[in-house]
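These are my notebook entries on a structure that is new to me. I record what I looked up, entry by entry.

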Amino acid sequence: MNFHNTLINWYLQNKRDLPWRNTVDPYHIWLSEIMLQQTRVAQGMPYFFSFTKEFPTVFDLANADEEKVLKLWQGLGYYSRARNLHKTAQYIANDLNGVFPATYNDLLKLKGVGEYTAAAIASFSYNEAVPVVDGNVFRVLSRYFDIESDITLPATKKEFTALAKELMPDGNPAIFNQAIMEFGAIQCVPKSPDCNICVFNNSCLALQKKKVDVLPVKSKKLKVTNRFFNYLIVEDIEGKTLIQKRTAKGIWHNLYEFPLVETQEIISFDFISKVVQQGILSSYTITAIEECSQATVIHKLSHQHLHIQFWKIKVNNVLVNGLNFSDLKSLPFPIVIYNFIEKEEINR
């Protein structure tokens, strides 16, 4: 039995029942693919249901306020995905009359849609014979065929795309793409796969050569930057607080946060006291400053580790533009700040 027959037979017996697999609607498939970039299925599923309930059509998403989109996305991370999703929905609704492009090449022109996502939509919605190549596909093919090419290199992407295209059966690219991704997701997993029960255990070259643990080859390590964020939780005599919107490009663009002092290292009470009293809150009468917790929260992003401290500051005045703490939860915050707000609300 050849590779694609074995793979598809395995898929038909073992596939998970996922909502975006029960449709060829490009809107739903596009939503799911954008959400599942850098995200596990179990984490992404509730967001898919929330979005399709709140925005049943691409017109509903296009007409939504960006803040509402970001709020619904809160906790899923990589917020540029949500902003691009919203802009692309507006383009499809307003410029394309709500009709998604029907070919791989045209899908590639959409903001936030790369080769993998374009291939997924083209094959699942329109049955175009284009292979999907993601981390799962790299892993399955590199192990099965014992390919040592470095998957961080563009040339390797072309090599694997050509191989996947060659393996793809005529007439049914969608099921092949679903099958190879699913196989990588639940059988040929990154660490300690159970090769004893694998349908390819008689033909997988990596298994025969005891190389399962070393494939695929991935040389380039991501450089992680450490940043130190000190959030000021200001409270006035009416119990109101201050927030601001992150308008600069970079992480958390257009999300809300408390007033921020970014430093080069973890700082002491004396340092923050001086900054607060001589700087950003110098126009208010400060009655108390205290660190909210002894432990610094470390929030890990793909390329940055944020060391976050929260500082409570009470002022004996009424804040200009102050907001009630209870009103904050309706706004989109980075999840690490939202979690802090929730805990604070419980303690009030």
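**Entry 1: helix H13.** I looked up which residues of H13 are buried, and found Ile-272, Ser-273 and Val-276. Viewed down the axis of H13, the buried residues fall within an arc of 105°, so they line one face of the helix. I note the general rule that an α-helix has 3.6 residues a turn, so residues three or four places apart point the same way. On the other side of H13, I found Asp-270, Lys-274 and Gln-278 exposed. I then asked what covers the buried residues of H13. The cover includes S1, strand S5 (260-263), strand S6 (286-291) and strand S8 (304-315). I also checked the length of H13, which runs over residues 269-280. At 1.5 Å a residue, its twelve residues should span 16 Å, and the end C-alpha atoms are 16 Å apart, which agrees. I keep in mind that this model is predicted.

**Entry 2: Arg-227.** I located Arg-227 in strand S1, which covers residues 225-235. Which side chains make polar contacts with the side chain of Arg-227? One is that of Glu-262, at 2.8 Å. Another is the side chain of Gln-304, at 3.0 Å. Leaving aside residues up to four places away in sequence, I listed the residues that Arg-227 touches: Ile-251, Glu-262, Gln-304, His-305, Leu-306 and His-307.

**Entry 3: His-299.** I found His-299 in strand S7, residues 297-300. Is His-299 buried or exposed? Its relative accessible area is 17%, and the limit for a buried residue is under 20%, so His-299 counts as buried. With residues up to four places away in sequence again left out, His-299 touches Trp-252, Gln-304, His-305, Leu-306, Ile-308, Ile-335 and Val-336.

**Entry 4: aromatic pairs.** My search of the whole structure returned 23 aromatic pairs. I took up the pair of Phe-258 and Phe-333, whose ring centres are 6.4 Å apart and whose planes meet at 35°, so the pair is tilted. Phe-258 lies in the loop between strand S4 (256-257) and S5, and Phe-333 in the loop between strand S9 (323-324) and helix H14 (335-347), so this pair ties together parts that are 75 residues apart in sequence. Both Phe-258 and Phe-333 are buried.

I next took up Phe-310 and Phe-340: their ring centres are 4.0 Å apart and their planes are at 5°, so this pair is stacked. Phe-310 belongs to strand S8 and Phe-340 to helix H14, so the pair ties together parts that are 30 residues apart in sequence. Phe-310, at 8% relative accessibility, counts as buried. Phe-340 is buried as well, with a relative accessible area of 10%.

I then looked for a cluster and found that Phe-229, Tyr-231, Trp-252, Tyr-256, Phe-258, Phe-310, Phe-325, Phe-333 and Phe-340 form one. Both pairs recorded above belong to this aromatic cluster.

**Entry 5: the whole protein.** I counted 14 helices and nine strands. Of the 348 residues, 49% count as buried. Among contacts with a separation of 6 or more, 68% join residues 24 or more positions apart. The C-alpha atoms fill a box of roughly 80 × 50 × 35 Å along the principal axes. The protein exposes about 17,600 Å², of which carbon and sulfur atoms supply 50%.

Notes
Residues are numbered from 1 along each chain as its sequence is written. This is a predicted model: local features need pLDDT of at least 70, side-chain atom pairs count only at pLDDT 80 or more; totals for chains, interfaces and linings use all residues. Side-chain values use heavy atoms; hydrogens and water are left out. Helices (H or I, at least four residues) and strands (E, at least two) are DSSP runs, numbered from the N terminus. Buried means under 20% relative accessible area, exposed over 50%, partly exposed in between (1.4 Å probe, protein chains only). Contact means heavy atoms within 4.5 Å. A polar contact is a pair of N or O atoms within 3.5 Å; within protein, one must be able to donate a hydrogen and the other to accept it, and residues adjacent in sequence count only if both atoms are side-chain atoms. The expected span of a helix is 1.5 Å times one less than its number of residues. The arc is that of the directions from the helix axis to the C-beta atoms. Rings of Phe, Tyr and Trp (its six-membered ring) pair if their centres lie within 6.5 Å; planes under 30 degrees apart count as stacked, over 60 as edge-to-face and the rest as tilted. Accessible areas come from the Shrake-Rupley method with a 1.4 Å probe; for residues, only the protein chains shown count as cover.
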